[in-house]
Amino acid sequence: MGLPSLKTTAIARFLKHTAWLLLPVILSLLAGAVLILAAGENPLKTYASLFNAGFGCNSGPGRCALITALTFATPLILTGLSATVALRGGFFSIGQAGQMLFGAAAASWLAGELSLPAGIHAVVALLGAALIGGLWGLIPGMLKHFIGVNEILTTLFLNPVASVLVGLVRLPGAALSARLSPLAPSTKFTAGFFLALAAALLIYIFLWRTSHGLEIRTSGKGPRFALYGGMPRHKPALLTMLLSGALAGLAGGVEVLGVHYHFVSTFSAVNDFDGLIVAFAGQLHPAGVVLFAILLGGLRTGSLVGLQILSGIPRELGSALIALLLLFIATSRFSKVDGGSSSIHAAGVPAQQSESPL
């Protein structure tokens, strides 16, 4: 009797969690339909155009919007994972943009200055991007942990500092041996997407299946409890920001080697705070981060192509739909669940968050 009961409980919990993930999407679509009607358009046709342009696939090279959505989702997954790790560890980091810049700069320099065989060259450049991004992310972690400086301020101010510093160095273009080759003709879809998926899987295993991950999550939710429980004091905090910065730096490296082939200071697929947006929308879980990053990538593609170009509807309507989705997600995170508050701590982690990975 005990085993079937446990299975039933697990299934019920999974269904409830899935419902809470889908509810904001449904509500945002309903609210968006009101805006579409106010604009004098048919909601069903508008949504069909939006999702077909964002996720549909037609015959012929370069005509699969889903591939474009996955390409846009790649840096979103990595920066979302970066923010997720930081938030799980008790850091409200908004420094993904600066860490991406350093990762992009490192990848560009290594890809242009070194002469290595194809394949190995790309791996070295990506590892360098992750390392430099991690070291830059470690700075606000050390400032908060040892001096008590607020990480929101330091990560925010370090973003423009990163932009200035990387601008002082002349960075070469990526050599052919270091570039990530497209996996589909006439696209920028590369192995970077599968690298991002692998990173999500590894982060899940690390946070929920290792003792170091337990230390990070426990220190993030209850630092005093972790201290009195005999857990290390310094290692979880520093490891959190090192890993968070490495993921964002890797996102910058993938953008340079797989999309632009040279250093860029702005990334078309990622805005400054997209990492936090994807992390919160994904419920601070790697699986949720992957799903919402793909959704966000497709909606941005669809709002440009399906609404503005094909239907003549301002792309701002697509941006409004995304904003509504985020609003309802944020509202759901502050709601009462089973009589317990799920309000966000200063560190961004739910106050009564289940230790279950679901």
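Reader: Where is Ala130 found?

Author: Ala130 sits in helix α5. This is a predicted model.

Reader: Is Ala130 buried or exposed?

Author: Ala130 counts as buried, because its relative accessibility is 17% and the cut-off for buried is under 20%.

Reader: What is Ala130 in contact with, leaving aside its neighbours within four places in sequence?

Author: Ala246, Gly249 and Leu250.

Reader: Staying with α5, how do its axis and that of α6 cross?

Author: The axes of α5 (residues 120-147) and α6 (residues 151-167) cross at roughly 150° and come within 10 Å. The crossing is right-handed.

Reader: Which residues meet there?

Author: From α5, Trp136, Ile139, Pro140, Leu143 and Lys144. From α6, they meet Glu151, Thr154, Thr155, Leu158, Val161, Ala162 and Leu165. The residues of this contact divide into 8 nonpolar, 2 polar and 2 charged.

Reader: Moving on to α7. What does it span?

Author: Helix α7 covers residues 192-209, which is 18 residues. From first C-alpha to last it reaches 25 Å, close to the 26 Å expected at 1.5 Å a residue.

Reader: Which residues of α7 are buried?

Author: Gly192, Phe193, Ala196, Ala199, Ala200, Ile203, Phe206, Leu207 and Trp208. They cover an arc of only 165° around the axis, so they lie on the same side of α7.

Reader: And which are exposed on the other side?

Author: Leu201, Leu202 and Arg209 are exposed there.

Reader: Why does Glu316 count as exposed?

Author: Because its relative accessibility is 54%, and exposed means over 50%.

Reader: How far apart are Glu316 and Leu304?

Author: 12 residues in sequence, and 8.9 Å in space from C-alpha to C-alpha.

Reader: Now the whole protein. How many helices and strands?

Author: The secondary structure comes to 13 helices and 2 strands. Of the 358 residues, 49% are buried.

Reader: What about contacts with a separation of 6 or more?

Author: In the protein, 75% of those contacts are accounted for by residues 24 or more positions apart.

Conventions
Residues are numbered from 1 along each chain as its sequence is written. This is a predicted model: local features need pLDDT of at least 70, side-chain atom pairs count only at pLDDT 80 or more; totals for chains, interfaces and linings use all residues. Side-chain values use heavy atoms; hydrogens and water are left out. Buried means under 20% relative accessible area, exposed over 50%, partly exposed in between (1.4 Å probe, protein chains only). Helices (H or I, at least four residues) and strands (E, at least two) are DSSP runs, numbered from the N terminus. The expected span of a helix is 1.5 Å times one less than its number of residues. The arc is that of the directions from the helix axis to the C-beta atoms. Axes are lines fitted to C-alpha atoms, for helices over the stretch in contact, and angles run from 0 to 180 degrees between N-to-C directions. A crossing is left-handed if the near helix is turned anticlockwise from the far one by less than a right angle, and right-handed if clockwise. Contact means heavy atoms within 4.5 Å. Ala, Val, Leu, Ile, Met, Phe, Trp, Tyr, Cys and Pro count as nonpolar, Asp, Glu, Lys and Arg as charged, and the others, Gly among them, as polar.
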